[in-house]
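Grab a pencil and work through these exercises with the structure open beside you. Try each task yourself before you read the solution.

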Amino acid sequence: LRRNPGEPEFHQAVREVFSSLEVIQGRHPEYTDQGIITRLCEPERQIIFRVPWVDDEGTVQVNRGFRVEYNSALGPYKGGLRFHPSVNVGIVKFLGFEQIFKNSLTGLPIGGGKGGSDFDPHGRSDGEVMRFCQSFMTELHRHIGEYTDVPAGDIGVGAREIGYLFGQFKRLTNKYEAGTLTGKGLDWGGSLVRKEATGYGAAIFADEMLKARGESFDGRRVAISGSGNVAIYAAEKTAQLGGIAVTASDSSGYVVDEDGLDLDLLKQIKEVERGRISEYVDRRGGRSRFVENGSVWDVPVDIALPSATQNELDADAARTLVKNGVKAVSEGANMPCTPDAVDVFREAGTAYGPGKAANAGGVATSALEMQQNASRDTWSFGYTEDRLTDIMVGIHRTCLETAEEYGRPGDYVVGANVAGFRKVADAMIAFGVI
Ligand code: NDP
């Protein structure tokens, strides 16, 4: 705490993982002897840089850029870039820390990292976003590469931003090193299913948790928060699995549509027009309504897929969900449930899938994109989706088996943290104290 003041999200993430590790105490003295936990509290490298750019009025703007190269025990650093005004070093560190264990759970050879900037793309022209991305990459390109560090998207960073970033990387390095960034466009090295992967994966994880209890999505009402990349495709997979996604939100409020979300309309407003969620109701009509600044978790549902941002679902919201009979909560976002909310779900016996397991489908498919880039190949949608599904089913099984092995049956938090940690810790021991 003293070493990292003013970083509450980082402290929260570290506490969450290490509290799960109580179950392995006494069984693995080598982790203590080798200082694994102390070493894991410190990122391998943190880069903070100035990002100057010129806006459409000709005014010089300055943002702050970050890349935290957290842990490379299992492979090159891998994790997204977030562009949002709330970004600071503590948030990037929490995300990078979570990413280590998430990436480990995928079973693929990727280490953990994260980056971003306090730049806010909302309301900025394409030209402004391009100039910002070019300036950001002018520093970042020195630190990344397919064997060192492979960034991707996150909040505020989608296909448009990845395009500008990759264009500048290619220009500065004179290399078409496609495996340096993931989430690329399909014509220039991207992978089918990457866009859908995180949301699909979170819904598949929920489905696995339900199946383990003899339940299913069939006819179930599902609440989804956010209306970005993860939320839209969590809603799409929900519909494919027979569920009814009834909500979506953004930072202005939420919509509830009793007839189930019209996904074509949602994509048009959010992906094409970059509009606000309230516009959905204006155009959809029917049994949809907009609630300004309300909590999406007030809507009675059977399944919840929080897919916006960290700490968006607190203990009160969790109690409301439990009172309304929620059966499963699967985190599309990173750390969307507060620790108190998680306690409420645990006490109520709700199936709760933590983000590092439930939303690992995005980074897993990024690693599949890297595989395609390395072999100069492109895979079909069906093949790639089958691989994603196998990976999510495998992560679910690993979590359950590990929780059982360590005496906490059904506890996905313990299962995910212990299974993710052990692989990383064993690799760190193999490498010696570095
Ligand atoms: P997007 O930028 O596409 O969408 C984010 C959505 O969440 C928007 O609807 C946004 O609303 C809303 N949101 C963001 N911040 C806040 C806030 N402070 N309060 C209320 N609403 C907010 O991001 P993604 O969908 O890519 O990411 C969503 C979550 O999923 C994040 O936690 C991210 O780390 C996680 N994630 C994403 C992955 C990916 O592949 N994209 C992979 C794994 C995890 P508004 O536009 O009003 O800000």
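**Exercise 1.** In which loop is the place of Glu312? Then decide: is Glu312 buried or exposed?

*Solution.* Before you start, keep in mind that this is a predicted model.
Step 1: Find β11 (303-305) and α11 (315-323); Glu312 sits in the loop between them.
Step 2: Count the other C-beta atoms within 10 Å of Glu312, and you get 21. The cut-off for buried is 20 or more, so Glu312 counts as buried.
Step 3: List the contacts, skipping neighbours within four places in sequence: Ser225, Pro306, Ala333 and Pro336.

**Exercise 2.** Which residues does UniProt list for "binding site"? Describe the places of Lys102 and Gly153.

*Solution.* 
Step 1: Go to the record. The UniProt entry, which is unreviewed, lists Lys78, Gln99, Lys102, Gly153 and Ser366 under "binding site".
Step 2: Take Lys102, which lies in helix α4 (residues 89-105). Lys102 is buried, as 28 other C-beta atoms lie within 10 Å. Leaving out residues up to four places away in sequence, Lys102 touches Lys356, Ala360, Val363 and Gly420.
Step 3: Take Gly153, in the loop between β5 (149-152) and α6 (159-173). Gly153 is buried too, with a count of 27 other C-beta atoms within 10 Å. Its contacts beyond four places in sequence are Gly80, Leu81, Gly158, Glu161, Ile162 and Gly183.

**Exercise 3.** What is the strand order of the open sheet of 3 strands, and which strands stand at the edges?

*Solution.* 
Step 1: Read off the order, β8-β9-β10, where the pairing is antiparallel.
Step 2: Find the edges. β8 (247-250) and β10 (288-292) each have a single partner strand, so one side of each has no neighbour in the sheet.
Step 3: Check the twist, which averages 20° from one strand to the next.
Step 4: Zoom in on one pair. Strand β9 (residues 253-257) is joined to β10 by 5 bridges, and Tyr254 has Val291 in β10 as its bridge partner.

**Exercise 4.** How many residues of domain 1 are in contact with domain 2, and which helix supplies the largest share?

*Solution.* 
Step 1: Count the contacts. On the domain 1 side there are 12 residues, which meet 10 residues of domain 2.
Step 2: See where the domain 1 side comes from. Helices α1 (8-20) and α4 each supply at least two residues, and α4 gives the largest share, 6 residues.
Step 3: Sort this side by class, and you get 6 nonpolar, 2 polar and 4 charged residues.

Methods: Residues are numbered from 1 along each chain as its sequence is written. This is a predicted model: local features need pLDDT of at least 70, side-chain atom pairs count only at pLDDT 80 or more; totals for chains, interfaces and linings use all residues. Two strands pair if DSSP finds at least two bridges between them. Helices (H or I, at least four residues) and strands (E, at least two) are DSSP runs, numbered from the N terminus. Axes are lines fitted to C-alpha atoms, for helices over the stretch in contact, and angles run from 0 to 180 degrees between N-to-C directions. UniProt positions are given in the numbering used here, feature names are shortened, and annotations may be inferred rather than shown by experiment. A residue is buried if 20 or more other C-beta atoms lie within 10 Å of its own, exposed if 12 or fewer, and partly exposed in between; C-beta atoms are placed from the backbone. Two residues are in contact if their C-beta atoms, placed from the backbone, lie within 7 Å. Ala, Val, Leu, Ile, Met, Phe, Trp, Tyr, Cys and Pro count as nonpolar, Asp, Glu, Lys and Arg as charged, and the others, Gly among them, as polar.
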